[in-house]
Amino acid sequence: MSQESTSQAKNQREEFVETIDPELSQAVPPQNNGTGSQPKGDHALQLIEEAGHSTILTPENNAKVLRKIDLRVLPILLGIYFLQQLDKSTISYASVFGIVEKAHLHGQQYSWLGGSIYLAQLVFQPLVAYVLVKVPLGKFLAVSCLLWGIALTCMTAATTFGELLACRIFLGIFEAGIAPAFIAVTQMWYRRREQPVRLSSWYAMNGIVNMFGSLIAFGLGHINSSIFAPYQIIFLFFGLVTVGFSAVVLVFMPDSPVSAKFLGEEDKLLSIERQRMNQQGVESQEWKWDHAKEAILDPKSWFWFALMFSISVPSGGITTFGPLIIKSFGLSQYDTMLFNIPFGAVQLVATMGGAWLATIWKMKSPVLALLCLPPIAGCVMLLQITHDNAHKGPLLAGYYIISVYPAITPLIYSWSAGNTAGETKKKVTTAILYVGQCAGNVLGPNLYTTNEAPLYRRGLLSNLAMFCVLIGLTGANTTYLYFLNKQHGKRRVALGKDAKIVDQSMQAIQAVSDDAKEDLPQQAANDNAWKDLTDLQNEDFVYVF
């Protein structure tokens with residue numbers, strides 16, 4: 001036997017592995033649900049029970065199944081998120097095409113149109129958390145897409161602040177579950193190693209929206225109509241497109257790997273086996289109040305809340321007032337739309353670059369801290385450089401440097417998603433995180449006011465402070481996760497297990513040698529991965545930095 005094979009076999013014996021040879025595995029005994037007192041467990045376990053065995057995962061069949069998942073799931077997520085960000089940004093485009101003047105908005109009214117959508121999302125997060133546990137995700141996304149498309153279409157007829165505010169609130173209600181559902185989809189379909197890039201892929205639609213949304217709005221703004229104002233045409237067009245896309249979501253978006261029609265039975269087992277070492281399960285559709293309580297009392301949940309709040313304060317303000325900040329540099333309304341395109345390009349590159357770096361380093365915390373530095377520099381530039389025609393170039397450069405900040409949000413999403421287990425706890429933790437995001441997005445636009453143009457000093461100073469706070473919170477959260485890993489190690493030793501285990505969910509899939517197969521542990525009904533345990537309950541859970 002070669003030295004390489006010997007080493008590989010040794011590693012497989014020492015650590016949990018992600019494969020079970022069908023010939024070596026025993027039939028999985030059925031769960032005892034006769035009394036109804038035992039939890040139902042994960043739907044993935046039920047599928048394994050029906051098959052009578054698990055399956056072996058190799059680099060080849062893993063790549064094949066991953067490709068199928070990416071080709072079916074990712075395009076739909078990208079399309080939905082593109083439309084969601086586009087629809088939320090319509091109020092920003094409308095500001096350039098005269099909605100402030102024609103709807104007679106003054107003072108904080110335009111700010112509230114930007115923030116109201118997030119206030120509605122904040123209020124509905126508890127309901128969203130419960131619904132996401134109980135309702136198939138594919139159907140949920142399709143209905144949400146349809147309803148918010150209708151709400152945006154109705155904004156065409158709104159001509160006063162009250163009417164516009166009502167439509168924006170309904171838009172927020174129907175969009176409240178989109179990002180939480182996307183996080184749940186990513187947890188359900190992808191290994192923790194794969195999650196940062198997938199989460200960042202759909203979140204990178206922010207950059208695409210800032211590029212192509214600006215171009216589309218630029219074109220729509222040139223349409224001459226005796227019936228509709230340019231901003232009304234923008235509302236009508238994007239609303240109808242969203243309603244049409246909801247039908248695509250309904251037909252093609254799968255609910256879970258267990259029930260996906262585009263996967264054969266063997267591919268379903270492979271897709272489930274890919275998730276085993278996440279120790280997070282797939283789905284159970286069983287609400288557990290003890291999981292909800294743990295999520296609320298877990299300090300990690302409030303770290304995610306604080307991190308999301310800190311990045312969302314500048315995000316909400318810059319998203320709503322970004323075009324007005326550019327316009328304050330002395331540009332025309334059409335030049336303002338065009339000069340917002342590089343902002344989107346920087347977002348796209350930073351978001352995917354940050355995800356790639358987090359995957360290579362297998363850590364998100366240092367990447368998060370690194371991504372805070374360019375926005376800090378950009379805020380300082382906009383605060384210190386004189387706002388006049390002679391300094392348009394440096395001002396635009398500072399604005400574009402700030403646009404690195406959207407890369408931070410998906411890394412917080414994936415950091416939270418990768419460190420939370422238990423069906424109910426995952427949804428409640430995401431709700432807490434998203435409440436922080438909504439609260440920040442509500443506050444952010446209100447730190448900017450049209451009365452402060454063109455300097456927007458209060459808004460930029462608050463953004464600068466939040467980016468600095470983010471760095472401190474990242475360090476504190478990493479320290480707490482390190483402590484939790486130590487605690488789990490002590491529990492494993494007390495149970496007769498090895499203190500240290502390798503987190504295979506963060507490693508590339510490796511072929512299993514014949515010698516190593518002889519020592520593979522039996523991972524059937526006794527595997528913690530399928531018991532719907534929380535991360536704190538499961539001593540085999542490894543927290544990632």
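View 1. The side chains of Lys268 and Glu265 form a salt bridge with an N to O distance of 3.5 Å, the term denoting a side-chain nitrogen of Lys or Arg within 4 Å of a carboxyl oxygen of Asp or Glu. This is a predicted model, in which local features need pLDDT of at least 70 and side-chain atom pairs count only at pLDDT 80 or more, while totals for chains, interfaces and linings use all residues. Residues are numbered from 1 along each chain as its sequence is written, and side-chain values use heavy atoms, with hydrogens and water left out. Both residues belong to helix H13 (residues 265-275), 3 residues apart, about one turn of the helix; helices (H or I, at least four residues) are DSSP runs numbered from the N terminus. Lys268 is buried at a relative accessible area of 10%, whereas Glu265 is exposed at 51% (buried: under 20% relative accessible area; exposed: over 50%; 1.4 Å probe, protein chains only).

**View 2. Salt bridge between Asp532 and Lys288.** An N to O distance of 3.0 Å separates the paired side chains of Asp532 and Lys288. The pair links distant parts of the chain, 244 residues apart: Asp532 lies in the segment after helix H23 (514-517), and Lys288 in the loop between H13 and helix H14 (289-297). Both residues are buried.

View 3. Lys300 and Asp535 meet through their side chains at 3.2 Å, N to O. Lys300 lies in helix H15 (residues 299-327) and Asp535 in the segment after H23, distant parts of the chain 235 residues apart. Lys300 and Asp535 are buried. A network of salt bridges links Glu294, Asp298, Lys300, Lys425 and Asp535.

Definitions and conventions
Helix = DSSP H or I, 4+ residues; strand = E, 2+ residues; numbered from the N terminus.
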